[in-house]
Amino acid sequence: MKREIRDNSRLIKRFPELAFFSDPSDRYAAFRTAMREIRWRYFLLAAVFSSMSCLVVPYLVRLLLVHLRALLNAPHLHSVSRVVVGVCNGLIPLVIAFVLVHLFRKRIQRSLRSQLVARGTPICVECGYDLRGQLEPRCPECGKAFDPSLIQCNREQQ
Ligand SMILES: [Zn+2]
């Protein structure tokens with residue numbers, strides 16, 4: 001496996017921050033660092049999230065349906081509630097996967113941005129906005145304040 005991320009890599013489409021690293025092997029190293037930073041947190045989060053959702057949510061759904069059935073005095077809803085519980089159980093892993101991928105991506109993006117900022121590349125850690133040419137230390141996209149010394153780096157690069 002090549003230890004570099006080329007310009008035409010699909011990863012760059014997913015993580016536009018990578019384009020700011022000009023050297024392909026540099027890019028790879030930054031991505032590795034980002035992955036390493038989140039790994040244990042990600043798995044902890046995944047474990048807590050999945051166990052919570054797979055155990056607690058179906059239980060709550062079942063409880064809700066039992067109460068609803070009693071409230072409406074409609075025991076024939078039993079088969080309907082089984083379908084609802086089944087659908088919920090099927091959807092939960094999908095929702096978990098979706099949320100985790102999203103969080104995972106956010107984490108990597110933030111790490112890549114922080115690495116860029118540490119190297120003096122002006123980029124907003126919060127939203128990824130390219131801060132080159134900014135005169136005030138505040139992101140025009142999301143309003144987050146940033147280190148004024150980046151403006152200085154900015155001028156030196158121009
Ligand atoms: Zn921003």
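Reply: Gladly. One definition to begin with: helices are DSSP runs of H or I with at least four residues, and they are numbered from the N terminus. Please keep in mind that this is a predicted model.

Me: Then which residue just after H3 takes a positive phi?

Reply: Helix H3 covers residues 78-118, and Arg-119 sits in the loop between H3 and helix H4 (149-157). The residue with a positive phi, about 90°, just after H3 is Gly-120.

Me: What about the end of H2, which residue just after it takes a positive phi?

Reply: Helix H2 takes in residues 24-72. Just after H2, a positive phi of about 50° belongs to Asn-73.

Me: Where does H2 bend, and by how much?

Reply: The residues of H2 known to be buried include Arg-27, Tyr-28, Ala-30, Phe-31 and Ala-34. Further along H2, the helix bends at Arg-39, by about 45°.

Me: How far apart are the end C-alpha atoms of H3, and why does that agree with its number of residues?

Reply: H3 has 41 residues, and at 1.5 Å a residue it should span 60 Å. There is a kink of about 25° in H3 at Leu-91, shortly before the proline Pro-93.

Me: Which element gives the largest share of the largest nonpolar core?

Reply: That core has 10 residues in all, among them Ile-5, Phe-15, Tyr-28, Phe-31, Ile-108 and Leu-112. Two or more of its residues come from each of H2 and H3. The largest share, four residues, comes from H2.

Me: How many residues are in the other core, the one that includes Ile-123?

Reply: The largest nonpolar core has Tyr-28 as one of its residues, and Tyr-28 is in contact with Arg-3, Glu-4 and Ile-5, leaving aside neighbours within four places in sequence. Apart from that core lies another, with Cys-124, Val-125 and Cys-139 among its members, and its number of residues is six.

Me: Is Pro-24 buried or partly exposed?

Reply: Pro-24 is in helix H2, and it touches Glu-4, Ile-5 and Arg-6, not counting residues up to four places away in sequence. A residue needs 20 or more C-beta neighbours within 10 Å to be buried. Pro-24 has 16 inside 10 Å, so it counts as partly exposed.

Me: What separates the C-alpha atoms of Arg-119 and Leu-150?

Reply: Arg-119 counts as partly exposed because it has 13 C-beta neighbours inside 10 Å. Along the chain, Arg-119 and Leu-150 are 31 residues apart, while their C-alpha atoms are separated by 9.8 Å.

Me: And how many residues does domain 2 bring to its contact with domain 1?

Reply: The domain assignment gives domain 1 as 10-119 and domain 2 as 121-158, with their C-alpha centres 31 Å apart. Domain 1 brings 10 residues to the contact, and these divide into four nonpolar, two polar and four charged. The number from domain 2 is five.

Methods:
Residues numbered from 1 in each chain as written. Predicted model: local features only at pLDDT ≥ 70, side-chain atom pairs only at ≥ 80, totals over all residues. Bend = angle between axes of the 7 residues up to and from the residue. Buried ≥ 20, exposed ≤ 12 C-beta atoms within 10 Å, placed from the backbone. Contact = placed C-beta atoms within 7 Å. Expected span 1.5 Å × (residues − 1). Domains from an automatic or database assignment. Nonpolar A, V, L, I, M, F, W, Y, C, P; charged D, E, K, R; others polar. Core = buried A, V, L, I, M, F, W, Y, C linked by C-beta atoms within 7 Å.
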